[in-house]
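Here is a brief report on one structure.

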Amino acid sequence: MHHRLTVSPSQPVRRAGLGLLAAAVLIGTVAATPAAAVGTAPTGTLATAASTAPSTPSAPAPAGDGFRVLPYLMEPSAESVDLVWFSETDEPGSVVVDYPGEGAGPVTLASTPEHQPLLGYTDAELSQEIEGLEKGSWLKGAENYKHRVTIPGLSPGAEIQYTVTQGAETHESTFTAGPGSDWDELRIVAFSDTETEPYGRTEHREWEQSPVNGYTEDSLERPGEGSAWAEKFGHATRYGSFTLNYPLDQDTALKENLKHIEAADPDLMMIAGDLAQGSGYQPAWDEFFGYFAGENGDLASRVPVLTALGNWETFAAINGGYGTDQDQSPAVISRNKYHSYFERTGDGTDQDNQQYRGSYYRTDHGPVTVLTLDSTNGIPDEDTSTGELSGEVFSGDDSNLTEENLSTDTQGEFTVESYTKAFKDVFPGTTDADVDLPNFNEGTAQWAWAQEQLKDAQEKDQVVLVQFHHAAYSNGVHGTPPNHEHADNQSGVAMRAYTPMFEEYGVSAVISGHDEMFERSWVDSDGDGKGFHSFDVGVAADGLRGEQLAQNEEGGYEPIRFNTSSEWMAAADAPETWTERDGVLQLEDGGLHYGHLQIDLKHVGESTEVTLSPVYVFPQLDSEYNLIGTERRVYDDVTTFTVDRDGTDEPATPEQPADFTDNAPDSQYYAPVRWLQLEGISTGYADGSYRKFDDISRGESVAFLYRYLDGTAGAGEDFSDVTDQSSFYDEISWATAEGVATGYTDGTFRATEDVTRGEFVSFLYRASGAATPAAEELDFPDVDPDSAHAEAIAWAASRDVVNGYEDGTFRPHEPIHRAEVATVLNQVEAAATE
């Protein structure tokens, strides 16, 4: 079932290490990257948007005396949280924290600005031209100063208000401290591959479609070459075939995705890598924080963000890409620009190896432990272009993958040796022991640290989530290892080395990105029924890729499907349904879209119920393909399971969504509303609520009956106020075709008007097809026996489907609220099963 809900258009000494390194960088280092390196960017990146011809450099914007980046939350716990922001001047800032509780009062904390020379603009960036944008319009001030303050002394679950002042500007916000042992419910959202850049404001990405399950049975085909769609949004060539571009540009996609995430009111955000379209490209970072802590939104001021390093965090875009064997400095600078924003050195990091700046770290949030790993480099190094591989080349799917031929690296762009040399060149005076690149393989510091953390989390009965960028289980373009017949040089397969460890210590889910196709795998390598769910959630705002295809003997393309653990893929398991509306083709359902994974945890007795919901953002377009708004929908792969100390059981029971946020188990209407939800009769609102005491409209009430009775759209009566673009069009057509509901004498249906108690019971009576004569006597003094709804009310009352009020009345002309509708339908169901 698809859910359709519309949302309208003081600095600790411990951190001195990186600051000293950054200060050691020669001021000209970043800007000195050769301009000729622009051409090293892969197809589809900034190289396609930037002019390679010499141009007059733009001037950065004048330095402002306020925020460059608004405050954002890091390293959250039940006792403290860190607040980070950036300015363009070296003026200190201040934070006023309003602690709740009698006599607590506000506390003022001061910041010490740290200059970040790595974050300055390069000559290539100042000279860049981007198609569709005024040159330099995306640039900010030339300097970056980092402010980081720890807010201590928090109480678990406390709501904290704070105000940050930086120069002439202030920013007010709130956050909730991490929960203690008495938690009830938690919500986490996870996504990957935001890949922000100024060009994303105008770029529409390719929109792949499954070659084997592209359409539902009754669907029309997509618009083709020369269509209004292709003219408006553009098109691409994928696997030799014409491919439409997606209707949302990347800028709009991320804004809409975050709008729905904000409405869901999460407790944490996880971003599994590829945050910016090249970490070494400063405008991409300016763009990223514009969405999360800037001009386009400030969600990270209220919700802590947990980030992982991806391949783009080692890529410098127009400043030299990944670099070369002779000069790997672009990769070094890129990683350390990421550290400037997201350095973590707190209790959750590897204290014995602080040179990694928290590239891998642990976050405990109540019952949840999130382990973030760094998947950007493995050893021995592998590279398909040089044939440097760790195992024999093989073919077929992963049933042919063995310990002997398991790959060891996730990227072939640089080696440990070349990176180490470049690090010491970029940061003069450093040694090999200072290098910030952790490898992930067995025998490394990261491996030993991860095993220690997982063991500790299991002993504490935590629900464990792991995130890293390169998806280990995938059928996407990076799904095959470098030593495969259809090789990939940035494959995540090497991260499968962690699978036995994850299973041993009861990991519930692994969150990754990289393949940009939304896929879930169930991993149970030893076949004991215990395992973990592995997700690719790389659908935040960049590409929308399908499965990895290979050419067959006939010259066509078909999926490779290397990943035999795959359970569901949006690209293959959500076929599209296209219809014609107002003379143009419109997508009604299905397909691959931007979105995120919603992770809901509920405290049930001594256990934790976890629900994983793949949410997507569905665009609504008018007849000229202009965006009207987006709708929150959920793919047909909601997975619910209970976590115990031994790990996650293989999902075998029907999938259940988390309770509506306003339907507490001890509330009067909990049981019928929960039943209604589990039956798919109502999916509630985008904020997760049901709104039990809201009145229900005629259109909504008919829709509830339609879903309850598994109705099918019929050729019902036409109404002047109901078109095929109206909400509940199919449901109203069914209702009038089946005689469940009728319209008004003026030819209208009035779907948005409140339905009365009498009307709803009449709808229900007609829908039931009841042949038994209704009771002749009515027990309600305010129901006229000759009135239009009398027979239906008598029928319903005689079967205990409805009852009246304490004063004996039924009040047939009053609106019926949503909880009452749930109760009535639940009672009908109970009567039918007796």
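## Sheet, helix and loop

In strand S8, Thr163 is the bridge partner of Val96. The model is predicted. Strand S4 (residues 94-98) pairs with strand S8 (residues 159-166) in the antiparallel sense, over 5 bridges.

Both strands belong to an open sheet of 4 strands. Its order is S5-S4-S8-S9, and the pairing is antiparallel. Strand S5 (106-110) and strand S9 (169-176) stand at the edges. Each has a single partner strand, so one side of each is left without a neighbour in the sheet. On average, neighbouring strands of this sheet are turned by 20 degrees against each other, direction ignored.

Next, helix H5. This helix spans residues 282-292 and is mostly covered, with 11 of its 11 residues buried. Among the buried residues are Trp285, Phe288, Phe289, Tyr291 and Phe292. Asp286 and Glu287 are also buried. The cover over H5 includes strands S2 (67-74), S10 (185-191) and S13 (268-271). It also includes helices H2 (123-127), H4 (250-264) and H6 (329-342).

Last, His204. This residue lies in the loop between S10 and helix H3 (228-233). Leaving out residues up to four places away in sequence, His204 touches Phe233, Asn245, Tyr246, Pro247, Leu248 and Asp249. Two backbone oxygens lie by polar atoms of its side chain, as tabulated.

| Backbone oxygen | Distance to a polar atom of the His204 side chain |
|---|---|
| Tyr246 | 2.8 Å |
| Pro247 | 3.4 Å |

His204 and Asp251 are 47 residues apart in sequence. In space they are 9.3 Å apart, C-alpha to C-alpha.

Terms used: Residues numbered from 1 in each chain as written. Predicted model: local features only at pLDDT ≥ 70, side-chain atom pairs only at ≥ 80, totals over all residues. Heavy atoms only, no water. Pairing = 2+ DSSP bridges. Helix = DSSP H or I, 4+ residues; strand = E, 2+ residues; numbered from the N terminus. Axes fitted to C-alpha atoms, helices over the stretch in contact; angles between N-to-C directions. Buried < 20%, exposed > 50% of the residue type's maximum accessible area, 1.4 Å probe, protein only. Contact = heavy atoms within 4.5 Å. Polar contact = N/O pair within 3.5 Å; in protein donor to acceptor, adjacent residues only side chain to side chain.
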